[in-house]
Amino acid sequence: MKKEDIFSRYSRQIFIEEIGLEGQKKIMASKVLVIGAGGLGSPVIQYLAAAGVGTLGVADFDLVELHNLNRQVIHTEESIGRSKVKSAEVFVEKLNHQVNVVAIEQKINASNADEILSQYDLVVDGSDNFSTRYLVNDTCVKLKKTLVYGSILGFSGQVAVFSHKESKNLRDLFPEPPFDEDIPDCDSLGVLGALPGMIGSMMALQTLKIIAGLPVTLNQLTLVDTLNWRFQTIDF
């Protein structure tokens with residue numbers, strides 16, 4: 001991509017003093033893994049691709065279903081029945097053909113986590129279950145990878161940056177995962193689509209700041225309560 005093309009496409013990012021051309025080059029050279037191409041992964045994928053992330057890995061093993069479409073905005077009615085990673089790949093290629101999409105149609109598990117995560121600069125976790133979240137967290141700690149974390153339920157969401165420059169991680173906040181069967185999820189309690197849009201956008205913004213070398217607050221969990229419109233931070 002020619003220098004003038006880079007400026008034309010990304011000028012509104014380059015105009016930001018803290019980003020500039022050097023920051024944009026960092027974004028274009030980065031390799032980011034997004035785990036989950038669902039409610040949180042959709043806005044993350046959307047905004048990272050739009051920003052020009054060089055290599056965007058997307059890991060998911062699910063298929064697109066009709067009930068996904070209220071919140072998983074990178075998928076369409078035409079995507080129903082297709083794998084989410086293939087649908088995400090089509091979306092990114094239409095949005096920004098310069099982005100190298102790596103479609104990983106696998107469930108992240110103990111046997112493949114090291115191999116997959118080791119290929120990326122940082123990891124964004126938009127998974128929807130505790131076993132995956134803790135596995136991803138532990139793998140990032142072991143591999144010394146920065147992890148951008150988010151979760152949603154009903155009207156509430158959480159965002160944090162873990163394992164960045166030896167900062168604390170998920171187990172420092174919640175040492176052990178609860179039993180998944182004891183925790184309600186979006187399938188049972190539901191979610192308004194705009195909430196994962198908000199939380200996913202926050203995750204994407206933190207990711208871009210980290211790539212560009214900008215400061216992010218560490219050892220802190222941001223709590224978002226959209227029903228009562230309250231935003232809190234918890235230091236840990």
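Guide: In this predicted model, the count of salt bridges comes to 5. Three of them are described here, beginning with a pair in helix α2.

Lys25 and Glu22 join their side chains in a salt bridge, with N to O at 3.7 Å. Both residues belong to helix α2 (residues 20-29), where they stand 3 residues apart, about one turn of the helix. Lys25 has a relative accessible area of 43% and is therefore partly exposed, while Glu22, at 52%, is exposed because the threshold for that class is over 50%.

The side chains of Lys86 and Glu89 meet in a salt bridge at 3.9 Å, N to O. These two residues are 3 residues apart in α4, so about one helical turn separates them. An α-helix has 3.6 residues a turn, so residues three or four places apart point the same way. Lys86 counts as partly exposed, with 40% relative accessibility. Glu89 has a relative accessible area of 19% and is buried, because the limit for burial is under 20%.

The helix itself deserves attention. α4 has 12 residues and spans 16 Å from its first C-alpha to its last, close to the 16 Å expected at 1.5 Å a residue. Its buried residues are Lys84, Val85, Ser87, Ala88, Glu89, Phe91 and Val92, and the buried residues of α4 pack against α3 (41-51), β2 and β3 (100-104). Glu93 is also placed in α4, but at 45% relative accessibility Glu93 is partly exposed.

His75 is buried, with a relative accessible area of 5%. The side chain of His75 makes a polar contact with the side chain of Ser87 at 2.7 Å and also reaches the backbone oxygen of Ala37 at 2.8 Å. Beyond neighbours within four places in sequence, the contacts of His75 include Lys84, Ser87 and Ala88.

Arg171 is partly exposed, at 28% relative accessible area, and Glu176 counts as exposed, at 59%. Asp138, Arg171 and Glu176 are linked in a network of salt bridges.

Definitions and conventions: Residues are numbered from 1 along each chain as its sequence is written. This is a predicted model: local features need pLDDT of at least 70, side-chain atom pairs count only at pLDDT 80 or more; totals for chains, interfaces and linings use all residues. Side-chain values use heavy atoms; hydrogens and water are left out. Buried means under 20% relative accessible area, exposed over 50%, partly exposed in between (1.4 Å probe, protein chains only). A polar contact is a pair of N or O atoms within 3.5 Å; within protein, one must be able to donate a hydrogen and the other to accept it, and residues adjacent in sequence count only if both atoms are side-chain atoms. Contact means heavy atoms within 4.5 Å. Helices (H or I, at least four residues) and strands (E, at least two) are DSSP runs, numbered from the N terminus. The expected span of a helix is 1.5 Å times one less than its number of residues. A salt bridge is a side-chain nitrogen of Lys or Arg within 4 Å of a carboxyl oxygen of Asp or Glu.
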